[in-house]
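Visitor: I have a structure to look at. Could you take me through how its helices pack?

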Amino acid sequence: MAAPGENLRINPDRLWDTLMDMAKVGPGVAGGNNRQTLTDEDSEGRHLFAGWCAKAGCKMGVDSMGNMFARREGTDPDALPVYVGSHLDTQPTGGKYDGILGVLGGLEVIRSLNDLGIKTKHPIVVTNWTNEEGTRFAPAMLASGVFAGMHTEDWAKDRVDADGKRFGDELRRIGWEGDEKVGERKMHAFFELHIEQGPILEAENKQIGVVTHGQGLWWLEVTLTGKDAHTGSTPMNMRVNAGLGMARITEAVHRIAMDHQPAAVGAVGQANVYPNSRNVIPGKAVFTIDFRSPDLAKLTSMREKLEAEAAQIAADLGLGITIEPVGHFDPVTFDEGCVTAIRDAAERLGYSHMDIVSGAGHDACWINRMYPTAMVMCPCVDGLSHNEAEEISKEWAAAGADVLLHAVVETAGVAE
Ligand SMILES: [Zn+2]
C-alpha cells in the first residue's frame, strides 16, 4: 500500500499531556505509579482511557479477561482491523511509560487521523491488555496469553494474589469483565510501541529501536547437596561445600553466555545457601539460572552445556545435584512485513534507528504466535524501568508514536 507522506506526524504535546494525565491515577510514592492490575486504580485508569476513546469516536469492546478494544472504523467492511496497544497496569513501584506509552500512543494515532480527516481501509483498534506485569497475579502477559491460546481462561481466572484473592473475582469486582469471548477477534496485524527497558538505544544515540526478535528464555533451578560442617575445624580436603559448587556454576553460567554471543545472556539471579551461617560450610545451595537468547539453537546449547558442566562440577566436589526447569519460552521472530513497515517508517520520518532484540517479554510476543506482529521501541533514560524513576523525553515518545502512526497507516491503507 502507498506510504504516508513524511510530514504526517502525531501531536507531541497532546500525547505527553495524556501520559501525564494517566500518571495521576494510582500515583506511586516516588513520582512513578502503583496501578497494579485489577485494583481500584486500574479500574479508574480504564475509565479514563475509555472516556478518551469515546471522545475520539471509537467503539469499545471488552472481553471476559478484561482486555479493552477501542475501534475506529475503516472504509472496507470486510477488512480485518490493524491492532495497536500494550498495557495500562504497572508494577507496584512502576513508571509512567512502561506499557502506557503503547496504549496512549495508539490513542494518539487515532486522534491524529481524526485531526487530519484521514480514513483508512482497515479499521484500527487500540488495545489495553489486562495484567501484563504479572506482579499481583503471576504469570506476566496473562490476558494476552489467554487471547493467544497459551493458557485457558479458567486457569487464568483461578490465579490468586498474595492475599488469596482470585483473578476472576477481582476482575468482576472492579467491573471490567466484558461479555466478549477471549481470542475471538481476528487481526490483520498487531503493533506494540514500548519503551526499551534497557540501555542500548540511549547508548547508541538512536531514537527508534526496530524490534526484530524477542528473546527466548530458560529458567533453571539448581539444588546442590553437600554436608554442613564447622568452618574452623573441618580440614579442607574433607569438605563437601555446596557454596563452592554454586560459585563455580555461577562462573560457568557467565562464561557459557559469553561463548554464545551475540545477544545471549546468562546469570544466577536468586541464590540461597543453607544454613546460611557465618561459621558453617553450606551443606545445601539452591539457586536459579536465567539464560536468554533470540536464537533457539543457542538457547538450547547454553542449557545443555550448563547441565553437563554443572554435573562435572558437582562430581568433582562430591555434591549431589538436581537441575529443574522452572520457566521457558521459545525465541520470537517478529513478522518480516511488520518489521519492515516500522523500519521504513523510521527512515521516512528521518529518525535514527537500529534493529534490536527485546530482552523482556511483551504482549506482542504472544500475539505474534497468531497474527503478523512487530514492536517499536523508544529509549528510556539509563535503561531504567520497573522503577518509579523510569523516564523518557517528550521527543522520544513523539518519535515512537510517529513511527507507530506511519506503520499503522501504511498497513491499514489510506482509503481512496
Ligand atoms: Zn511493559
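Guide: Start with handedness: a crossing is left-handed if the near helix is turned anticlockwise from the far one by less than a right angle, and right-handed if clockwise. Helix 8 passes helix 9 in a right-handed crossing. This is a predicted model: local features need pLDDT of at least 70, side-chain atom pairs count only at pLDDT 80 or more, and totals for chains, interfaces and linings use all residues. Residues are numbered from 1 along each chain as its sequence is written, and side-chain values use heavy atoms, without hydrogens or water.

Visitor: Why are helix 8 and helix 9 called roughly antiparallel?

Guide: Helix 8 (residues 242-259) and helix 9 (residues 296-317) pack at about 155 degrees. Angles under 35 degrees count as roughly parallel, over 145 as roughly antiparallel, 65 to 115 as roughly perpendicular and the rest as oblique. Therefore this pair is roughly antiparallel.

Visitor: Which residues of helix 9 make the contact with helix 8?

Guide: Contact means heavy atoms within 4.5 Å. Helix 9 brings Met302, Lys305, Leu306, Glu309, Ala310, Ile313 and Leu317. The contact of helix 8 with helix 9 has 11 nonpolar, 1 polar and 4 charged residues.

Visitor: What makes helix 3 oblique to helix 12?

Guide: The axes of helix 3 (residues 100-116) and helix 12 (residues 394-412) cross at roughly 60 degrees and come within 9 Å. That angle makes helix 3 oblique to helix 12. The contact includes Gly105 and Gly106 of helix 3. By class, this contact of helix 3 with helix 12 has 9 nonpolar, 2 polar and no charged residues. Gly counts as polar.

How values were computed:
Axes fitted to C-alpha atoms, helices over the stretch in contact; angles between N-to-C directions. Helix = DSSP H or I, 4+ residues; strand = E, 2+ residues; numbered from the N terminus.
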